[in-house]
Amino acid sequence: MNKNIRNIGLLLIGLFVLNIINQSFYKRFDLTADKRYTLSKTTKSILSTLKKPLFITVYLEGDFPSEFKRLQIETQQYLEELAAENSNIKIHFENPDNQREELIKRGMMPSQLTVEENGKLSEAIIFPWAEIVFEEKTINVSLLPNAIVASQEEQLQKAIENLEYSFSNAINSITQKQQKSVAIITGNGELQDIYQYSFLSEVAKKHKLAKFTLDSVATNPQQTLQDITNFDLAIIAKPTEKFTSEEKFTLDQFITNGGKTLWMLDNVQADQDSLLSTGKMLAYPRDLNLTDLLFSYGIRINTTLIKDLYSAKIPLATGTIGNQTQFQNLDWFYHPLVSGNPNHAITKNVSQVRLQFANQIDTLTNNIKKTPLLISSPLSQKVGTPTIIELQSIAEEPEEKNYISGNQLFAVLLEGDFNSGYKNRIKPFETAIYKGNATKNKMIVIADGDVGKNQILKGQPTDLAFDKWTNEQFGNKDFLLNAVDYLLDDAGLMELRNKTLKINILDKQKAFRERTFWQFLNVVFPLILLFSFGFVFNYLRKKKYS
């Protein structure tokens, strides 16, 4: 009796010790081959700064297609990893069916899906969004990428691959105490605000924006240079007027003092609006006086236009029926439709980008790393300028033998140590903060000034991602926002976009063909096996004791 009491006592003590150990030590094991639930050092670093409750509401609850049930499960499992890393993260899944209009007002647009089940196609509406609330700030997180994909299975894979970046980027943005500052350069005929609204309004959600005119260089160059160095990034969007030496020197010193730059440049004067109104136009080189500055960084934007057989469409009047003008969307080879570099974080999973009268970039050999971001198809043609471009040429049947110029570079990322363009030259003005080179700097140059230009409808700016005439969707907005994020990324967040996972997808057609077999194997066969076991067991039992 005493021995039994002692054993019970030892058992209780053992259970108590195990419980203490369980409460003191906590470890989750990721047994997946691709370590999809293992948080990166970047994510852990972001979560370590979270000292107050952060609430995540995911609108993936309810009845929706089986593929996106997988997205719900993967999202829940990933968020559980975040909550395990930091207990201040609170997760809630909610059904959006009774609040659809409210979600749309808050910027969460639904996705319409074509669902194939039991060999039949049907339509389904889901809200693939999450909402993060921290203190008094709110940010929406899209759970579905906008990339053009071949199937919903591929879309699902890209969505799951993007989970860590999407949530880590959003948490980092909403919890940051100090925002980065972005200068929108003006004074040289850049795009008007209304034409940059779609792009810049998104940038303003994460960073501080301010216009910065270079006109003041003429009267107070030293102060202008001092002021611009307070910014982290300068965006130069389609300047049309020549830069003076003082203005170039100011931008050069902004770069050598560590400032990041996003250039959207047209080296050819070609206006789509004038072409549509008159039917033809003269395209001619535009002298921005930036060639020597860009040359010192290792690139040159040529004064040639690129035509590409893979192009966007433009609407043209093709006749009338009664009093109604009939329009048709036709391929316009001066508007290349280009794919991004699939191996870089800026352009991975981004839809095709539409360019308009784009120029070609040459790269020069120096110590700066150059990464192509946007490249034409191999079926391209170089068009020298000046030249007359006529709208009626759209009716001409293209001959493939004329489109043999190969892949042309439209956008490039430069990274490394930038030497000043004025290192061994006379400076336009003296400054106390002159630097001959910058270490570990970054810039992006795009040879198209209209890449960030949104359209206007009834006096209001439209979404840069859509064409109001053709209803086509492009990746311009995502590309530019990723470019800004990459240039301003000090935490290494953008590298999370390169995460690659292997998602095992069910073969729907095979499952439909073999559904009877698998239903029998999973439902009927276990019952037969159980019945057989019971029959044999009873038979043997009766035989033994009879």
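Colleague: What span does helix 12 reach from its first C-alpha to its last, and what is expected at 1.5 Å a residue?

Modeller: This is a predicted model, and in it helix 12, residues 476-488, reaches 19 Å.

Colleague: Why are helix 7 and helix 12 called oblique to each other?

Modeller: Two packed helices are described by the angle between their axes and the distance between the axes. Here the axes of helix 7 (residues 193-203) and helix 12 come within 10 Å and cross at roughly 40 degrees. Under 35 degrees would count as roughly parallel, and roughly perpendicular starts at 65, so this pair is oblique. The crossing is right-handed.

Colleague: Which residues make that contact?

Modeller: S198, F199, E202 and V203 come from helix 7, and K477, L480, L481 and V484 from helix 12. They divide into five nonpolar, one polar and two charged.

Colleague: Over to T256 in helix 9 (residues 245-256). Why does T256 count as buried?

Modeller: Its relative accessibility is 0%, and the cut-off is under 20%, so T256 counts as buried.

Colleague: What is T256 in contact with, leaving aside its neighbours within four places in sequence?

Modeller: F418, N419, S420, K435, G436, N437 and A438. As for K440, T256 is 184 residues from K440 in sequence, with 10.0 Å between their C-alpha atoms.

Key. Residues are numbered from 1 along each chain as its sequence is written. This is a predicted model: local features need pLDDT of at least 70, side-chain atom pairs count only at pLDDT 80 or more; totals for chains, interfaces and linings use all residues. Side-chain values use heavy atoms; hydrogens and water are left out. Helices (H or I, at least four residues) and strands (E, at least two) are DSSP runs, numbered from the N terminus. The expected span of a helix is 1.5 Å times one less than its number of residues. Buried means under 20% relative accessible area, exposed over 50%, partly exposed in between (1.4 Å probe, protein chains only). Contact means heavy atoms within 4.5 Å. Axes are lines fitted to C-alpha atoms, for helices over the stretch in contact, and angles run from 0 to 180 degrees between N-to-C directions. Angles under 35 degrees count as roughly parallel, over 145 as roughly antiparallel, 65 to 115 as roughly perpendicular and the rest as oblique. A crossing is left-handed if the near helix is turned anticlockwise from the far one by less than a right angle, and right-handed if clockwise. Ala, Val, Leu, Ile, Met, Phe, Trp, Tyr, Cys and Pro count as nonpolar, Asp, Glu, Lys and Arg as charged, and the others, Gly among them, as polar.
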